[in-house]
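Colleague: I am new to this structure. Could we go through some of the terms used for it?

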Amino acid sequence: MIAIRRPDEVERIRASGRIVGAALRLVQEMIRPGVTTREIDEEVERFIVAQEARPSFKGYRGYPASACISVNDVVVHGIPSSRQLEEGDIVSVDVGAFKDGYHGDGAWTFPVGRVDEASAGLLRVTREALEAGIARARAGHRLGEISHAIQQHVESHGFSVVRMLVGHGIGTQLHEDPQVPNFGGRRQGPLLAAGMVLAVEPMVNSGGFEVYTEPDQWTVVTRDHSRSAHFEHTIAVTENGPDILTLPGPGSGA
Ligand code: MF3
Ligand code: CO
């Protein structure tokens, strides 16, 4: 069953989403060669707690940190560690915040210093795919409109969409119905209605779509060790189109 949120509930998700966006902006300021992924996680946790919120991911199915931090060929769910970022890396940071009974969820992939052209293209195309998918979210459309737009954009640039992991409904739980695949036909999936709240999160590989999970049971890596990017927003469906709830984030200018 897909929950329909009242306007006051959407505003609570927006309050959590705003904390997520602000945390990712803070992360953007920290990205430089030499910083460890654990230092980034600690800063994210400090910030969320200072907003009188709770990190959604910490303790979720035993996840040990507040952010997922995934470098280069790590797709998602990288566990923060003493690993230092290096010039030329790309790093995906995924953050969830829970406040006043509702979750917000968002992610961004950052270049570390100067990155090669292929990596810069991967980041641009993945971000554009998120935007293209979100643009299709409106009451009366099928969910597949979002999925199809994402896949279309990604594959037209020669990249591939991860199949093993998908986006999700979000609200009082971090993961709710429906699943939001980043692939599929536009006539597939449930009809969207005003008040549905979705986490849309394309995971895009520069090589093949296949991935595997490391023995730590979290870290998801591309099978061919090509680089991978991940951008995510929490959005509400309205009669007139999407309402992005995880703003302002890193891409929102000054
Ligand atoms: N944004 C990811 C998701 O929605 C983050 C979940 S990580 C976990 O699935 F640690 F919470 F599992
Ligand atoms: Co998510």
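**Contacts and burial around the binding site**

Modeller: Setting aside neighbours within four places in sequence, His168 is in contact with Asp105, Leu174, His175, Glu176, Pro178, Val180, Leu198, Ala199, Glu201 and Glu232. Contact means heavy atoms within 4.5 Å. This is a predicted model in which local features need pLDDT of at least 70, side-chain atom pairs count only at pLDDT 80 or more, and totals for chains, interfaces and linings use all residues. Residues are numbered from 1 along each chain as its sequence is written, chains are lettered from A and ligands numbered from 1 in the order in which they are written, and side-chain values use heavy atoms, with hydrogens and water left out.

Colleague: Why is His168 called buried?

Modeller: Buried means under 20% relative accessible area, exposed over 50%, partly exposed in between (1.4 Å probe, protein chains only). His168 has 6% relative accessibility, so His168 counts as buried.

Colleague: What makes Glu201 count as buried?

Modeller: The relative accessible area of Glu201 is 7%, and therefore Glu201 is buried. Leaving out residues up to four places away in sequence, Glu201 touches several residues, including Asp94, Asp105, His168, His230 and Glu232.

Colleague: Which residues does UniProt place under "binding site"?

Modeller: The unreviewed UniProt entry places that feature at Asp105, His168, Glu201 and Glu232. They are spread over 128 residues of sequence but cluster in space, with a largest C-alpha distance of 10.7 Å. UniProt positions are in the numbering used here, feature names are shortened, and annotations may be inferred rather than shown by experiment.
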